[in-house]
Every structure is written in C-alpha cells, then in structure tokens.
Amino acid sequence: MSMRINKITGQIKIVTGLHIGAGNDEVHIGGVDSEVVRDPLTELPYIPGSSIKGKMRTLLELSEGSITSDGKPSSIKQFPNSLIPILFGDMTSDELTRLLFRDAKLSSESINTLNSLNILPTEEKHENTINRLNGVANPRNIERVISGLVFDFEIILRVFNEDDENKFLEMIKMGITLLQLDALGGHGSRGYGKVEFINLKYNGESFSV
C-alpha cells in the first residue's frame, strides 16, 4: 500500500472581525475580557489549524446528518458510509487520518500593510449583554482580528491506493463552502467570523469551490 501527499494552499481573508480566544483566565483592569490567540514569538494573531478543522468537520456532520447522540465526533463504526471520520480522524479506529490542518499565519502582505499604515492587527469590540428582568447592561470588551487581513492557509491530504481522491476533494470543497457561509471562531451570531477562502490551489493547480 502506497501513499501520496497532496497539498491544498490558499489564503483566508477576514471579512468581518474574527475572534478565536486565547483562553486567558485573568481580566486586568482596563484590559480586554477575551483576547485572541497569538503567536508567542511574534505576538501576531494566527488561526489555529484545530479551529479550522473542528468547525469544518462540525458543519459537514450537520449537513450530512452524521451527528452522534453524545455529541462526540462521528466514527467509522457509527457511520460506515461517511467519509468524514476517514478524512478528519476517528479516535475509535486505527485508520490513518487523511487531512492535516496547518496553523494559518498572517500573510507577509498583511504584515507589510499593517506596518505601512502603522495600525494594529486587532481591535477592541465593546459588547453589552442585557439582563431581561432589570434591564441592566453587562459590558465587556472582546478583542478581534480586524477585517481585511489575510492569513496563509494549508491543508495536507494523504491519499492511499484504495482511496477515492475525487470524493475526498468534493468533501473538502463542501467543507470550505459551508465555512464561508457560516462563521469561524466565536460570536458568529453577532456578525463575527465571516471569512473567504481565496487563491486556492491543489498541488499548485487552481482549486475552485
């Protein structure tokens, strides 16, 4: 049994402010209540591969109807006709996961734009939740990546002899389309996290969705 390594590359353009939380436990006076995840070396925001993978898988499972009763990711045993556990991984099986999602780092073009305009890559969004009984507002500050920035994107697709590569690619295209229609990161219902996948290529060739 032989394996081929294939690469899907492109960019993720932030259409509306993106918030993927850093999991900070403390709120400092005058600071934000929820910060975005950052590269510890550059202090620049990035999009974790796990966030892209998790949201894409969830949307595909919802679309396909392969939702488990316990809310855990679908498995080959539960849904033997589904490609999702094969592509995204199955913790109950020794089947090799076909997709590897890289962390998406801020593109050099976006970094140059930020430097030339002397602006920060993030903004503070002031939010209020209202107590329906007494009308009291509970203000909070949420940090989010500003719209217009672009992140470099990469997925690795492993293909074995017995795999149907075209079906894998169709599933990936559907996942990208669903993610563009939904939202990435938190607070999507409030307008956050609309993204667009651009300049997509599969092994260097145009890859349209």
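Ile5 stands opposite Arg158 of strand β7 in this predicted model, for which local features require pLDDT of at least 70 and side-chain atom pairs count only at pLDDT 80 or more, whereas totals for chains, interfaces and linings use all residues. Residues are numbered from 1 along each chain as its sequence is written, and side-chain values use heavy atoms, with hydrogens and water left out. Strands β1 and β7 pair in the antiparallel sense over eleven bridges; two strands are taken to pair if DSSP finds at least two bridges between them. Strand β1 also runs antiparallel to β8, to which six bridges join it. Within this second pairing, Thr9 stands opposite Lys201, and Ile12 has Phe197 as its bridge partner.

The protein chain contains four helices and nine strands, defined as DSSP runs numbered from the N terminus (helices: H or I, at least four residues; strands: E, at least two). Along the sequence these elements follow the pattern β-β-α-α-β-β-α-β-β-β-α-β-β. Of the 209 residues, 40% are buried, that is, under 20% relative accessible area, with exposed meaning over 50% and partly exposed in between (1.4 Å probe, protein chains only). Among contacts with a separation of 6 or more, 69% join residues 24 or more positions apart, a contact being heavy atoms within 4.5 Å. The accessible surface of the chain is about 11800 Å², and carbon and sulfur atoms account for 50% of this area; areas were computed by the Shrake-Rupley method with a 1.4 Å probe, and for residues only the protein chains shown count as cover.

Helix α4 (residues 165-181) comprises 17 residues and spans 25 Å from its first C-alpha to its last, close to the expected 24 Å, which is 1.5 Å times one less than the number of residues. At the start of this helix, a side-chain oxygen of Asp164 comes within 3.3 Å of the backbone nitrogen of Asn166. The buried residues of α4 include Phe168, Leu169, Ile172, Ile176 and Leu179. An α-helix has 3.6 residues a turn, so residues three or four places apart point the same way. The buried residues of α4 pack against β1 (3-14), α1 (49-64), α2 (84-88), β3 (99-101), β7 (150-160) and β8 (195-202).

The largest nonpolar core has 41 residues, and Ile47, Ile52 and Leu157 have the most contacts inside it. Such a core is a set of buried Ala, Val, Leu, Ile, Met, Phe, Trp, Tyr and Cys residues joined through side-chain atoms within 4.5 Å. Helix α4 supplies the largest share of this core, with six residues. Leaving out residues up to four places away in sequence, Ile52 touches Ile12, Ile47, Phe101, Arg102, Ala104, Phe153, Leu179 and Leu184.

Helix α1 includes Glu61, which counts as buried because its relative accessibility is 7%. Neighbours within four places in sequence aside, Glu61 is in contact with Ser66, Ile67, Pro73, Ser74 and Ile84.

Definitions and conventions: Polar contact = N/O pair within 3.5 Å; in protein donor to acceptor, adjacent residues only side chain to side chain.
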